[in-house]
Amino acid sequence: SLSYAFSRPQRSFVPTTGAEFDDRAVQTVDANLAFPLTPGWAMSWNTSYSITDHEFGSHRLNFRRDLHRWEANFSFYQTPTGNTAFEFFVNLIDNPDIKFDHRETNLGIDP
């Protein structure tokens with residue numbers, strides 16, 4: 001799926017820029033892609049792109065594995081500032097309160 005957002009802030013006086021009013025519009029596109037890889041594996045990717053700034057924002061890549069009555073999720077995140085995180089969790093489908101979580105942030109692969 002794709003979604004487009006357009007917003008224009010309320011006009012305001014900005015004395016530091018020399019412009020009388022700053023009314024720059026902000027445009028973004030969000031993309032979501034999800035599909036099964038095999039009968040037991042699924043993949044999803046979410047990202048955002050700023051048309052205004054001509055750069056990508058956050059990214060999320062997730063792999064989900066069906067383990068009969070259990071479900072495993074592997075996720076990788078990258079923020080617009082370049083920070084990264086990896087998340088792994090396994091949960092029992094019949095009782096989601098029984099689970100195992102593991103998270104790591106700033107994995108050392110940042111530029």
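Good morning. Among contacts in the protein chain (heavy atoms within 4.5 Å) between residues at least 6 apart in sequence, 18% join residues at least 24 apart. This is a predicted model, in which local features need pLDDT of at least 70, side-chain atom pairs count only at pLDDT 80 or more, and totals for chains, interfaces and linings use all residues. Residues are numbered from 1 along each chain as its sequence is written, and side-chain values use heavy atoms, with hydrogens and water left out.

Let us turn to confidence. The pLDDT, the predictor's confidence in each residue from 0 to 100, averages 82 over the protein chain, and 82% of the residues score at least 70. Confidence is highest in strand β3, at a mean of 93, and lowest in β7 (residues 99–105), at 71. Where pLDDT is low, the predicted coordinates should not be read in detail.

What does the secondary structure come to? The protein chain has zero helices and seven strands; helices (H or I, at least four residues) and strands (E, at least two) are DSSP runs, numbered from the N terminus.

Next, the pairing, for which DSSP must find at least two bridges between two strands. Strands β3 (residues 41–50) and β4 (residues 55–67) pair in the antiparallel sense over nine bridges, with Ala 42 opposite Arg 64. Four residues lie between them in a hairpin, where His 54 in the turn has a positive phi of about 55 degrees.

Strand β4 is also joined to β5 (residues 70–78) by nine bridges, again antiparallel. Here Asn 62 stands opposite Ser 75. This hairpin has two residues between its strands, and His 68 takes a positive phi near 65 degrees. Thank you.
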